[in-house]
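Me: Could you take me through this structure one feature at a time, giving the general idea and then the case at hand?

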Amino acid sequence: MEISVVMSVYNERPEQVQQAISSILRQTYLPTEFIIVLDDPNQSDLKALLQDYDHQTDIIKLVLNRENIGLAASLNKAIELASNELIARMDADDISEPRRLEL
């Protein structure tokens, strides 16, 4: 079964976001897509980090909001873009256990 992961990033520390993304990319069962919405276009350090990840792997699909629209609207935007029926939600300051998506 194919899985999409959705995550919204607003003002978390880049180190937190990096750990969250890495925990998804190290899953024993990889998602087919990882849609990340940057909800604060003025966060240049987060934008640079996310663009680096977007260029490094085809799994990540980066969405840059023009303005802050909030967590719920950003997640809904990601869900609308998801191409899989199964969707896992990820917080930008969480770390997933390696077998989360497999289980």
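**Reading burial, contacts and cores**

Reply: At 3% relative accessibility, Asn-65 counts as buried, a label that means under 20% relative accessible area, with exposed being over 50% and partly exposed in between (1.4 Å probe, protein chains only). This is a predicted model, in which local features need pLDDT of at least 70 and side-chain atom pairs count only at pLDDT 80 or more, while totals for chains, interfaces and linings use all residues. Residues are numbered from 1 along each chain as its sequence is written, and side-chain values use heavy atoms, with hydrogens and water left out.

Me: Where is Asn-65 found, and with which side chain does the side chain of Asn-65 make a polar contact?

Reply: Helices (H or I, at least four residues) and strands (E, at least two) are DSSP runs, numbered from the N terminus; Asn-65 sits in the loop between strand S3 (60-64) and helix H3 (71-81). A polar contact is a pair of N or O atoms within 3.5 Å, where within protein one must be able to donate a hydrogen and the other to accept it, and residues adjacent in sequence count only if both atoms are side-chain atoms. Here the partner is the side chain of Lys-77, at 2.7 Å. Contact in the wider sense means heavy atoms within 4.5 Å, and, leaving aside neighbours within four places in sequence, Asn-65 is in contact with residues including Val-37, Asp-39 and Ser-74.

Me: Which residues of the largest nonpolar core touch the most other members?

Reply: A nonpolar core is a set of buried Ala, Val, Leu, Ile, Met, Phe, Trp, Tyr and Cys residues joined through side-chain atoms within 4.5 Å. The largest one has 22 residues, of which Met-7, Val-9, Val-17, Ile-21, Phe-34, Ile-36 and Leu-50 touch the most other members. At least two residues come from each of strand S1 (3-9), helix H1 (14-25), strand S2 (33-38), helix H2 (44-56), S3 and strand S4 (86-91). A second, separate core of seven residues includes Ile-35, Val-63, Leu-75 and Ala-78.

Me: Is Ser-23 buried or exposed, and what does the side chain of Ser-23 reach?

Reply: Ser-23, in helix H1, is buried because its relative accessibility is 3%, and its side chain reaches the backbone oxygen of Ala-20 at 2.8 Å.
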